[in-house]
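Subject: Structure handover

Hi,

Here is the structure for your files. My notes on its cavities, interface and pockets follow below.

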Amino acid sequence: MSDTFIYAIEVFINGLMAGVLYALVALGFVLIYKASGIFNYAQGVMALFAAMTLVGIMEGQVPFSHLINATFGTSIHHFGWHVPAVLAIIFTMGVMILLAWAVNHFIMRHLVNQEPIILFMATIGLAYFMEGFGDLMWGADIKKLDIGLPQGLNTWIDDTTYQAFGYGFFIDNLDIVAAIVAALLVTVLVIFSQYTKQGRAMRAVADDHQAALSVGVSLNFIWVMVWSVAGFVALVAGIMWGAKSGVQFSLSLIALKALPVLMLGGFTSIPGAIVGGLIIGVGEKLFEFFVGPMLGGATENWFAYVLALIFLVFRPQGLFGEKIIERV
Amino acid sequence: MNALSPEGYVTADGRKIGGQLMEMKNITLRFGGVKAITDISFDIREGEIRAIIGPNGAGKSSMLNVISGFYVPQEGEVWFRGARRPQMKPYEVAQQGIARTFQNIALFEGMSVLDNVMTGRLNNMNANIFSQAIWKGRAEREEVLNREVVEKVIDFLEIQSIRKTPVARLPYGLKKRVELARALAAEPKLLLLDEPMAGMNVEEKEDMSRFILDVNDEFGTTIALIEHDMGVVMDLSDRVVVMDYGKKIGDGTPDEVRNNQDVIDAYLGVSHD
């Protein structure tokens, strides 16, 4: 086997792993879009906020310490304890549920029946608010997120491939964990939306508000639930990305990487978000590997968007999106 | 109009009608400066088929929306099963046992007929979420019971052949029937039908009339309906409320209403020949 082919396989696998991480972010968008027709621009910031909160709780940071110190002239920063990762994740989920309630109570509830563009703009506002709020609460410094996930080279794969091809593949353990977590997450979400009462109610609300009300579904409850689920997905994405590249502002920009994934997979499809993420991940890595050198490299910055653009021309609803057929 | 005894009455075709299930007392509904409903009172009796009729814009649909909680009247009281109903959200009204259909069909277009009808059972699912997720224990027992009710309704309305079809693909008449099925699946104490026969051809209207009568007969469901087709209304209903410009101008059996001069002037008096 030629060397190029073997390298390409490695690139392919790494592309799949990167794709899983894109898909994790895209999932959050799909959930909210499916259930409420809102394109939630704040999804990326939610992931950042979740990761910051998780680190803050684990480290025993005092929330709003800058504000408190500036107001009262004190100098407190830490409670002086460390919370175990599992417990901290549960607490963070509690914060995300609280956030979901607040988003519905203070924003979305008042915008019922508004145009989608208005709702979209509200989420832009929300994104900037949360960005500032997160900084105020936990400080703007770059944090390290370590909840004990395995990281670094997977030696088993390295050894096995070295024996087989004479070349050891470099696959990061964290990426493997991310793939497993993503698979679990999707399974849980599918079971939730297909088999439980709350899931049925969620699909009902997504389809028709009036009809949902008439069969006894509380819209407010469902919306809080949807935002909570999106908060949960943001937390998972935040943990994975945070562990990979640290908890910092640029984490919120991963939302932009989710856009081409959504265009490819369709805004309304959970499997679409996964497949779209994988295609983008693999596509940009392989393109960089084969074509990149001819174009001077750094193709990863734009490849996903161009691919999405080409898709938009030929299949506007995405690979798995619902085709919009309207009677005339 | 004759005074009705509180215990109920017997209809011309010999069906026994019970006491008051719902009573509307002096309902007034305004939208800004526009009065949609002005001081209207009437009752709905247990086991009855009650119609609300009137020309376009008379406030019939508004009345139905007040009953189902979609609109909140500025004045007046709503009494249900012997108790005054506090101000409620539509979903709470639904949980109380009032199901409805809509004038412009409100179905879950993306779901199959079966799933649509199953949503009518949402309030009869009480197992915890984990039990539901694995479909074991209480969730399994509930699901079986709920399925039984739903299958009975599907059977009853003769929509077995389309049970797996996505609703979006169905023709209008069948959609109306699916909407009725979803409302029935909730086993409501009161069923509200907003123009169940609007836009149907004669054959579909006959089918729908038969279903409405059968539902009332078989399940003993109390039904309140709005309908434009006078022939249908007079055939179906036990008592009729007539509205015009938001006011009540007649109330009684179809015969009484037919001979009421106000009603003739406002509505029936229009010559169609």
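First, the terms. On a 1 Å grid over the protein atoms alone, a cavity is a set of points where a 1.4 Å probe fits but cannot get out. A pocket is an open set with protein on both sides within 12 Å along at least five of seven lines. Lining residues have an atom within 4 Å of a point. Points are joined across faces, edges and corners, and a volume is the space filled by probe spheres set on them.

This is a predicted model: local features need pLDDT of at least 70, side-chain atom pairs count only at pLDDT 80 or more, and totals for chains, interfaces and linings use all residues. Residues are numbered from 1 along each chain as written, chains are lettered from A in the order written, and side-chain values use heavy atoms, without hydrogens or water.

**Cavities**

The whole structure holds 3 cavities of 30 Å³ or more. Helices are DSSP runs (H or I, at least four residues), numbered from the N terminus.

**Interface**

The contact (heavy atoms within 4.5 Å) takes 28 residues from chain B and 22 from chain A. About 2200 Å² is buried between the chains, 61% of it on carbon and sulfur atoms. That is accessible area (1.4 Å probe) lost on putting the two parts together, summed over both. B:Tyr91, B:Phe108 and B:Leu122 supply 25% of the area that chain B buries against chain A, more than any other three residues.

The rule finds 1 salt bridge across the interface. It needs a side-chain nitrogen of Lys or Arg within 4 Å of a carboxyl oxygen of Asp or Glu. B:Glu143 and A:Arg200 form the salt bridge, at 3.2 Å, N to O.

**Second largest pocket**

Its volume is about 470 Å³. Of 17 lining residues, the closest to the centre are A:Val188, A:Phe192, A:Val229, B:Ile129 and B:Phe130. Helices 4 (85-106), 7 (173-195) and 10 (219-245) of chain A and helix 4 of chain B each give two or more residues to the lining.

Best wishes
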